[in-house]
Each structure stands twice: as structure tokens, then as C-alpha cells.
Amino acid sequence: MDLVLRPGRADDASECGRICFEAFAGIAREHGFASDIPGADEAAGMCGTLIDHPGFYSVVAELDGRIVGSNFLDERSPVTGVGPITVDPATQNGGIGRRLMHDVMRRAAERQAPGIRLLQSGYHARSFALYAGLGFEFRETVACLQGPPVGGGVPGYEVRPATDADLAACDAVCRKVHGADRGGEVTDALTMGTARVTEHDGRVTGYATDLSFFAHAVGESTADIKALIAAAPAFGGPGILVPAGNSILLQWCLQRGLKVQQLMSLMTIGLYNEPAGAYLPSILY
């Protein structure tokens with residue numbers, strides 16, 4: 001039987017979602033962790049959203065006419081982000097995941113993306129080996145944190161809802177910290193009304209597209225990120241992703257009642273600058 005890769009279609013969402021949920025739940029259960037995805041309906045909704053979104057590339061794997069996996073590439077900003085990639089548990093460890101990864105890497109190369117990034121669950125050694133074998137380099141251990149709202153604030157740092165007029169300033173902060181902007185994601189967050197900015201000394205010095213698993217934040221300093229976290233009414237999904245190398249921020253979060261749910265690895269190919277500031281990655285990067 002030949003494996004066929006094709007673009008995702010709207011009517012793939014239900015089956016891709018089922019596979020996504022079962023794959024994540026199975027691997028998490030094997031290692032004694034909670035799944036990142038709460039149920040098949042939620043997974044189907046997520047897959048449907050990504051398939052329909054013009055800023056995402058989707059690829060579906062079929063074996064003998066049956067869907068056995070899928071992968072996505074976030075193309076909203078110059079650097080691309082991989083995932084979620086999932087393979088039907090009944091057909092795992094047969095090379096399908098590698099084929100799905102080769103496909104999105106080919107896509108990124110065709111579009112001349114300067115870099116590709118992803119996060120993977122630290123407890124899943126097979127996926128780490130797959131990505132490392134494909135050329136991804138380990139960059140940072142990231143702690144997924146969840147808990148009650150922190151509250152309070154950071155003296156000298158004001159947090160407010162972002163507006164369309166803040167987009168250029170947000171992109172400038174991201175370029176200063178990472179060497180590339182994530183303007184497409186900020187634009188989506190502005191549309192959804194989830195984006196926030198920090199102001200310090202009368203100018204925008206940080207922003208967050210939201211405080212959640214699928215959102216990211218960037219700040220010129222750790223104080224910017226602390227202010228954004230403190231202002232959040234809740235942390236969406238499995239939680240926020242805090243780079244473990246930023247000990248000051250991680251310890252500040254733990255002292256305020258947030259708990260580590262799991263550790264993840266940030267991995268990259270291509271453009272990567274050591275951050276010249278503070279940040280929270282999304283689950284895509």
C-alpha cells in the first residue's frame with residue numbers, strides 16, 4: 001500500500017481530530033501525563049480551524065484511502081512553526097511521521113522561510129529523536145505552567161488591550177528580541193481581541209497575543225512578561241510556556257502558585273538568534 005500525501009480539506013477535520021486526540025492521549029498516558037488535548041471534539045475543532053485558516057499549510061496522509069495522519073505549518077509570520085503532527089496509533093512507528101515532516105520542511109523551503117521551529121514534549125523520546133535526526137537543533141527547555149491567576153502588577157509597567165495602532169510597535173519589539181517579527185499572529189490576536197501590550201516609560205515594551213498554550217509573548221525585559229502574566233485573568237489550555245533558562249521568571253511564577261505540568265523542548269532549523277530579552281513561546285514556537 002502506498003502512502004499518499006495531499007492538502008487538508010474541510011471534511012477531513014473530524015477524522016484528523018480523532019487521530020490527533022487518540023495519538024496525543026495515548027502517548028501521554030504511556031508516560032503518565034495528562035493529554036494536551038481534552039477530547040476528540042476539541043481536536044476536530046482545532047484541526048478544522050487550522051485547515052480553514054489561510055495562514056496555515058495542512059497536509060494529510062492517506063494509506064489505502066484511509067486518513068492515518070496530518071501535519072500543519074504556521075505560515076502567518078516569516079519564521080514558520082510546525083504542528084500539531086499526529087499519526088494514527090494503529091500505524092505509528094512506520095515512517096509516516098517522517099514523511100509528514102519532510103513535506104512541511106519542503107513547503108518551508110519552497111517559500112524560502114528563514115527558519116522552522118517547533119516544541120515537543122520532553123517525555124516523548126521518539127519524537128525528539130525524529131526531529132533531531134531531521135536536522136532540528138535543541139535550543140531551550142520550556143516549562144508548561146498552569147494555575148490560578150497571579151494578580152497584582154509590576155510597578156512602572158502598565159498592561160492594556162492592544163489596538164491596531166500597536167501592531168508596528170509589537171513587531172519592533174519582536175524583531176529586537178528575536179530577530180524576526182510575528183506580525184501575522186499579532187494581527188489574528190487583534191482580530192480576536194486577546195492581544196495585550198505593556199507600556200513602560202511611555203512606550204510599548206512588550207506584548208502578548210494571549211496568555212495560553214497557543215499564544216506567545218515578547219518583552220524587552222522580564223518585567224514586561226511578569227506584568228503580562230500578572231494581568232491575565234486565566235491561562236488558556238494546558239497553560240503558559242516559560243523558558244526554564246529564565247530562572248528569575250520561572251521562580252517568580254512558581255512562587256505565585258503556578259505549577260509545572262510538563263517540560264518541553266524548543267527546537268529549530270535555520271534562523272535563530274539567542275533572545276535579546278524575555279519571551280513566552282506558543283506551542284508552535
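## Cysteines without disulfides

A disulfide is a pair of cysteine sulfur atoms within 2.5 Å. This is a predicted model, and by that rule it holds zero disulfides. Cys-20 is in no disulfide: the nearest cysteine sulfur, in Cys-47, is 4.7 Å away.

The closest cysteine sulfur to that of Cys-253 belongs to Cys-144. The distance is 11 Å, which is too far for a bond.

Are these two cysteines, Cys-20 and Cys-253, buried or exposed? Cys-20 is buried, because its relative accessible area is 1% and buried means under 20%. Cys-253 is also buried, at 0% relative accessibility.

Helix α1 covers residues 13-30, and helix α2 covers residues 40-52. Their axes lie 7 Å apart, and the helices pack at an angle of about 125 degrees. The angle makes α1 oblique to α2. Their crossing is right-handed.

Strand β2 spans residues 56-63, and eight of its eight residues are buried. Both faces are covered. On one side sit Phe-56, Ser-58, Val-60 and Glu-62. On the other are Tyr-57, Val-59, Ala-61 and Leu-63.

β2 pairs with strand β1, residues 3-7. The two run antiparallel and are joined by five bridges. Here Pro-7 stands opposite Val-59.

β2 also pairs with strand β3, residues 66-74. This pairing is antiparallel too, over eight bridges. Phe-56 has Asp-74 of β3 as its bridge partner. β2 and β3 form a hairpin, with two residues between them. Asp-64 lies in that turn and has a positive phi of about 55 degrees.

## Thr-80 in strand β4

Thr-80 lies in strand β4, residues 80-82. Where does Thr-80 stand on accessibility, buried or exposed? Thr-80 counts as buried, because its relative accessibility is 3%.

What does Thr-80 touch, leaving aside neighbours within four places in sequence? Its contacts include Leu-73, Asp-74 and Glu-75. Asp-74 is also the bridge partner of Phe-56. Further contacts of Thr-80 are Ala-108, Ala-113, Gly-115, Ile-116, Arg-117 and Tyr-285.

Notes. Residues numbered from 1 in each chain as written. Predicted model: local features only at pLDDT ≥ 70, side-chain atom pairs only at ≥ 80, totals over all residues. Heavy atoms only, no water. Buried < 20%, exposed > 50% of the residue type's maximum accessible area, 1.4 Å probe, protein only. Helix = DSSP H or I, 4+ residues; strand = E, 2+ residues; numbered from the N terminus. Pairing = 2+ DSSP bridges. Contact = heavy atoms within 4.5 Å. Axes fitted to C-alpha atoms, helices over the stretch in contact; angles between N-to-C directions. Parallel < 35°, antiparallel > 145°, perpendicular 65-115°, else oblique. Left-handed = near helix turned anticlockwise from the far one by under 90°.
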